[in-house]
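This briefing is for a reader who is new to the structure. It begins with one term, then takes the topics in turn.

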Amino acid sequence: MRREARLEGPDGEIVVGRADGGITIDGRRLALDAVEAGGELRGLRVEGRMIPVRAARSGDLIHVFCDGRTFQFRLVSSGARRRAAAAKFDADLLAPMPGRVRRLLVREGQSVARGETLLILEAMKMEHEIRSPRAGRIVRLPVGEGALVDAGMPLVELA
Amino acid sequence: MKIRRLLIANRGEIAVRIARSAREMGIETVAVYSEADAAAVHVRTCDRAVSIGGAAPSDSYLSISRLIEAARASRADAVHPGYGFLAENAAFATAVDDAGLCWIGPPAAAIAAMGDKREARARMERAGVPVVPGADVPSSAEGLAAAAQRLGYPLLVKAAAGGGGKGIRAVTGAAEFQRAIAAARRESESAFGDATVYLEKLMVRPRHVEFQIFADRRGTTVHLNERECSIQRRHQKIVEETPSPALDPQLRARMGEAAISAAKAVSYVGAGTIEFLLAPDRRFYFLEANTRLQVEHPVTEEVLGLDLVRAQIRVAEGRALPERWRRLVPVGAALECRVYAEDPETFLPRSGEVLSYEEPRGPGIRVDSGIEGGTRVSIDYDPILAKVVTRGPTREVAISRMRRALREYVILGVGTNLSLLRRVVESQEFADGNLDTEWLGRLAAPRPEPVPEAAIAAAGLMTLNGGAAKSAARLEAADPWLRSDGWRPIR
């Protein structure tokens with residue numbers, strides 16, 4: 001079991017750690033009491049106040065429902081690796097959604113203008129155009145027409 | 001005839017919705033499912049289920065031959081198409097007829113007449129129903145420029161076979177014209193198998209107000225009042241309500257009459273919807289007709305105390321509409337919010353597995369859903385997950401119930417638009433009822449709110465305990481009487 005973990009949340013990175021009778025958040029101790037039902041977290045009691053909470057984890061992602069809102073956290077170790085792997089790709093050229101590559105409109109080695117449509121993603125019968133964030137040359141097209149992509153996957157490497 | 005076994009040619013929440021009414025009527029239900037949907041809720045809501053092919057819609061829910069084969073194999077005597085997929089496909093209605101099955105919907109000719117949006121416009125004009133100014137797409141560049149000149153920008157390029165907001169592109173100037181036409185054609189080809197598009201003037205700040213119509217085979221056509229569906233993203237509705245805050249009894253009567261004329265112009269039978277744009281000057285224009293049960297039909301059901309699916313089945317059996325349907329008086333107000341698997345700001349689809357799930361409950365709340373904990377939401381299908389419907393004696397009560405319901409709704413594991421829906425129904429402008437189809441685009445960006453410590457703590461517990469929320473912080477609970485924090489069980 002981990003003693004400490006780094007999480008990337010909506011407000012940036014946080015370090016959480018184990019503590020007697022609670023948890024530490026960025027080194028600060030928060031006394032709390034977990035309430036469970038059916039093996040699931042249902043609430044946290046913090047300073048006498050019961051806060052309804054639900055949480056679920058799949059892989060590196062932790063999904064939390066708290067007081068009517070939903071939050072997503074990512075365990076950073078792997079998130080950092082992913083970012084490093086994607087570093088040479090423009091953020092605008094990562095798949096913004098899971099989908100299928102419907103059309104590739106450019107070839108490797110081709111020069112493109114800023115704003116030019118490079119490929120078309122399709123999901124749930126909607127089309128989404130991926131346009132070039134700047135002028136440049138297509139170095140690599142890691143996905144082919146018809147390929148399924150996950151959100152965050154690099155689509156075009158631009159030099 | 002009496003329908004005994006009904007095949008539901010759809011999936012998700014609408015398949016579940018239809019199955020419920022059919023079962024209440026003592027009709028056996030047959031679900032169909034693609035490979036991706038073997039574990040889906042709708043399959044288990046029906047008495048029988050038939051596998052019809054691969055995950056891609058063209059291999060399953062859009063395959064007329066496989067659906068007819070499934071109906072034959074399961075010895076169904078009727079087919080309900082739901083909405084989307086083949087619901088407005090005249091060839092499917094004809095195939096169902098030819099197979100000797102009862103089609104729960106309007107005659108194929110009425111579907112075809114309304115389904116070609118260009119032909120529908122022409123028919124409506126002949127019937128004296130006002131239509132939005134528009135034009136066919138000319139083949140030459142000069143023709144295109146002339147049409148644009150005549151109608152004026154902004155324009156919409158729309159799929160002739162369209163519906164559900166698909167195959168539509170807005171054009172604000174000549175530079176985007178060709179690209180918009182190409183994109184609308186591709187999307188239309190993919191969604192409807194028909195790449196024909198046409199042009200329509202984009203009205204400025206209209207409301208979207210539609211009328212539910214219902215007709216039996218004996219010549220009775222009634223309207224069941226309006227639904228306002230002005231809150232839209234990407235030309236798709238996300239919040240609907242009845243009555244519309246914009247209508248008074250006189251305008252309602254005039255629009256209702258026009259809706260009935262529109263239905264009669266195509267010899268309509270069954271449930272349908274006539275959509276209008278309502279301009280700020282209170283003029284209204286026929287937009288299109290939906291020859292099927294509408295996604296937002298529950299709000300009409302809630303204020304009128306009706307079951308429209310039951311009525312569809314009765315009309316298909318050849319029965320007359322009840323006499324009292326001519327004098328129905330709505331009670332109170334009802335709202336619907338569509339919960340989509342999509343990013344609340346970019347509207348891009350999201351997929352994944354539903355890890356934790358709980359629907360809102362309580363007085364005045366109805367949830368029509370097609371998911372549960374464990375459901376895999378795939379990118380192959382429409383992103384609608386559920387519809388939250390609330391009603392109350394007044395619009396204010398219905399809104400306050402919706403605010404509560406959306407706060408209670410737990411869907412973890414798949415991104416949803418719940419936070420956007422909450423911002424809509426919690427806004428003052430929505431409460432004031434000053435809406436139009438561009439309103440959502442003007443809604444202020446979400447105020448950044450800090451993440452509550454409890455949410456961070458919960459994420460921490462999940463991480464530090466390797467996935468389960470177990471015990472790290474379950475401190476002194478072993479003997480509640482020994483607790484140090486002052487909490488004691490109540491006896």
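Contact means heavy atoms within 4.5 Å. With neighbours within four places in sequence left aside, B:Ser63 is in contact with B:Pro57, B:Ser58 and B:Leu86. The model is predicted.

**The interface between chain B and chain A**

- On the chain B side, 62 residues are in contact with 68 residues of chain A.
- About 5,600 Å² is buried between chain B and chain A, and 61% of it is on carbon and sulfur atoms.
- Within chain B, the residues that lose the most area to chain A are B:Arg186, B:Ile379 and B:Leu464, which together make up 12% of what that side buries.
- There are 4 salt bridges between chain B and chain A.
- One salt bridge joins the side chains of B:Glu453 and A:Arg28, at 2.3 Å from N to O.
- Polar contacts between chain B and chain A link 11 residue pairs, counted with both residues at pLDDT 80 or more.
- The elements of chain B that give two or more residues to the side touching chain A are strand E8 (166-171), helix H8 (177-192), strand E17 (356-358), helix H12 (395-408), strand E21 (410-412) and helix H16 (453-464).
- H16(B) supplies the largest share of that side, 12 residues.
- By residue type, the side of chain B that touches chain A has 32 nonpolar, 11 polar and 19 charged residues.

**Helix H9 of chain B**

- Helix H9 of chain B covers residues 249-265, and its 17 residues should span 24 Å at 1.5 Å a residue. The end C-alpha atoms of this helix are 24 Å apart, which agrees.
- The buried residues in H9(B) are B:Leu251, B:Arg252, B:Met255, B:Gly256, B:Ala258, B:Ala259, B:Ile260, B:Ala262 and B:Ala263.
- An α-helix has 3.6 residues a turn, so residues three or four places apart point the same way.
- The cover over the buried residues of H9(B) includes helix H5 (108-115), helix H6 (117-126), strand E10 (207-215), strand E11 (221-233), strand E13 (270-278) and strand E14 (284-290) of chain B.
- B:Ser267 follows H9(B) and has a positive phi, near 50°.

**B:Arg227**

- B:Arg227 lies in strand E11 of chain B.
- B:Arg227 counts as buried because its relative accessible area is 0%, and buried means under 20%.
- The side chain of B:Arg227 makes a polar contact of 2.8 Å with the side chain of B:Glu210, and another of 2.7 Å with that of B:Thr300.
- Not counting residues up to four places away in sequence, B:Arg227 touches residues including B:His208, B:Gln212, B:Glu241, B:Thr273 and B:His297.

**B:Ser63**

- B:Ser63 sits in the loop of chain B between strand E3 (48-53) and helix H3 (64-73).
- The relative accessibility of B:Ser63 is 9%, so B:Ser63 counts as buried.
- From its side chain, B:Ser63 reaches the backbone nitrogen of B:Arg66 at 3.2 Å.

**A:Ile138**

- A:Ile138 belongs to strand E14 of chain A, residues 136-140.
- With a relative accessible area of 0%, A:Ile138 is buried.
- Among the residues that A:Ile138 touches, not counting those up to four places away in sequence, are A:Val106, A:Val112, A:Leu118, A:Val156 and A:Leu158.
- A:Arg102 is 36 residues from A:Ile138 along the chain, and their C-alpha atoms are separated by 18 Å.

Key:
Residues numbered from 1 in each chain as written. Chains lettered and ligands numbered in written order. Predicted model: local features only at pLDDT ≥ 70, side-chain atom pairs only at ≥ 80, totals over all residues. Heavy atoms only, no water. Helix = DSSP H or I, 4+ residues; strand = E, 2+ residues; numbered from the N terminus. Buried < 20%, exposed > 50% of the residue type's maximum accessible area, 1.4 Å probe, protein only. Polar contact = N/O pair within 3.5 Å; in protein donor to acceptor, adjacent residues only side chain to side chain. Buried area = accessible area lost by both parts, 1.4 Å probe. Nonpolar A, V, L, I, M, F, W, Y, C, P; charged D, E, K, R; others polar. Expected span 1.5 Å × (residues − 1).
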